Amino acid sequence: MTAMKLCLDDLHLFGGPAAFENTLHVGRPNVGNRDRLFQRIDDLLDRRWLTNNGPYVLELERRIANLVGVKHCIATSNATVALEITIKAAELSGEVIVPSFTFVATAHALRWLGITPIFCDISPPSPNLDPRAVERAITPSTTGIVGVHVWGKPCDVDALDTIARRHHLKLIFDAAHAFGCTYHGRTIGQFGDAEVFSFHATKFLNSFEGGAIVTNDDALAAQARLMRNFGFAGYDDVVSVGTNGKMSEVCAAMGLTSLESMDEFIEVNEENYQHYRRELDGVRGIRLSPYDERERNNYHYVVVEVDESATGISRDLLQRILWAENVRARRYFYPGCHHVEPYRSDPRYAGVCLPNTDRLAARVLSLPTGTTVTKTMITKICEIMRLVTEHSADVNERVRARPETKRSFRDVVEMAAHGR
Ligand SMILES: Cc1ncc(COP(=O)(O)O)c(C=O)c1O
């Protein structure tokens, strides 16, 4: 790390040295006890049982079901396949209501199955579905609602549940971000007809790649198990259409090892979040998205909202300044799903207007956290944000005067748009 950033000339965009030699990423994987992982990998190699419902997958499923407090856990190769399997097992069809403020996998899982995602707005300050907008979006073709607990912050589960019951709709939650979190003190994973976790490398708990369906519905769980394994009910006995959604043993070994470090990950994440909170206090126009301290949170996402009218600096310019310093802050989520293909050019979505989604998507910036990020790093990141907001007029003037900074901005946007 370089010395403090005291004036604008110290910023890399304006000729100073980058704040960090090594790039800081959002979602840099948390790695638990390596010895334990290698021991498990040795064991699975000795057993020569690499996939197909092996002992580690079964153990992971058992432990997750216990931890979440549900009857069934079905581990999968990733959360996208888990969503597809859940949507099919729940027999959704026609139209399904989803937020647009989510990772595109939520919408794509529906579309992949020939279902029309109906994008619905969020209710600020929550980044999640607005239940009143959901109810307004219901038509005779609606068969379900897929809520997303964005950044691990729970949806208004009770309101969505009431709506789903009143209209005889299935209710599924994309809980990709929410492993280890609670809603009204109850563990996320227990709600709706089923919930889906992601254990992708960038997630709070990772199994390299992976996911899980959790549910108390015996029939749905049985269907999901069949579908995960090509519809095989036993040797040579295919009883339904299916796909290959199996989790491998090495992924389960990583999942189990991560699970054992979960408390440590939460402790570090919470300390980082609190440190960001202190350091950003008083930085004009930068609002740290708060966690509800009454709940258990995994604190995996540190997200700020940039109010350009107060900072004088656009979110995209702030992102560009941070990237120049080797801080890969990310726009999670930007743009809303209804602004990307295939939805953007589908005439059925031409009239979709989601002002709260658009407003939040234009402001958010996700900052690096996790076990590889130290308090000193956080202080430095916040110092940069404070410096540029305090000198916003000067920053804008310098950017306007230097065409080469504009070129690098296009690169940043390109990379951000195509990365995750
Ligand atoms: C909200 C949400 N849903 C679904 C997914 C897909 O998860 P996976 O990468 O495990 O398929 C992600 C991954 O980033 C996500 O953020």
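Modeller: A salt bridge is taken here as a side-chain nitrogen of Lys or Arg within 4 Å of a carboxyl oxygen of Asp or Glu. The model is a predicted one, in which local features need pLDDT of at least 70 and side-chain atom pairs count only at pLDDT 80 or more, while totals for chains, interfaces and linings use all residues. Residues are numbered from 1 along each chain as its sequence is written, and side-chain values use heavy atoms, with hydrogens and water left out.

Searching the whole structure gives 22 salt bridges. In general, side chains of opposite charge can pair when their charged atoms come close. To place the pairs, two terms are required. Helices (H or I, at least four residues) and strands (E, at least two) are DSSP runs, numbered from the N terminus. A residue is buried under 20% relative accessible area, exposed over 50% and partly exposed in between, with a 1.4 Å probe and protein chains only.

One of the salt bridges is formed by R40 and E260, whose closest N and O atoms are 2.7 Å apart. R40 belongs to helix α1 (residues 34-47) and E260 to helix α8 (residues 249-260), so this pair ties together parts that are 220 residues apart in sequence. The two partners may be set side by side: R40 is buried, at 1% relative accessible area, whereas E260 is partly exposed, at 38%. The pair also belongs to a network of salt bridges that links R40, E59, R63 and E260.

A second pair joins D346 and R111, with 3.2 Å between the closest N and O atoms. D346 sits in the loop between β15 (327-328) and α12 (355-361), and R111 in helix α4 (residues 105-112), so parts 235 residues apart in sequence are tied together. D346 is buried, with a relative accessible area of 9%, and R111 is partly exposed at 28%.

D161 is partly exposed at 24% relative accessibility, while R165 is exposed at 61%.

Contact here means heavy atoms within 4.5 Å. Axes are lines fitted to C-alpha atoms, for helices over the stretch in contact, and angles run from 0 to 180 degrees between N-to-C directions. Another helix, α3 (residues 79-89), lies across β2, β6 (170-174), β9 (194-198) and β10 (211-215), at about 165° to β9.

These strands belong to an open sheet of seven, in the order β2-β10-β9-β6-β5-β3-β4, with mixed pairing. Its edge strands, each pairing on one side only, are β2 (72-76) and β4 (116-120). From one strand to the next, the twist averages 20°. Two strands count as paired if DSSP finds at least two bridges between them. Within the sheet, β3 (residues 95-99) and β5 (residues 142-148) run parallel and are joined by three bridges, and E95 stands opposite T142.

H168, located between α6 and β6, has a positive phi of about 55° although it is not a glycine, and H168 is exposed at 73% relative accessible area. Y299 likewise has a positive phi of about 55°; this residue is in the loop between β13 and β14 and is buried at 4%. For comparison, most residues other than glycine have a negative phi, and most peptide bonds are trans.

Strand β14 runs antiparallel to β13 (residues 286-288), with three bridges, and antiparallel to β16 (residues 364-367), with four.

Finally, the loop that holds D346, between β15 and α12, also holds F333. A cis peptide bond joins Y332 and F333, with omega about 5°.
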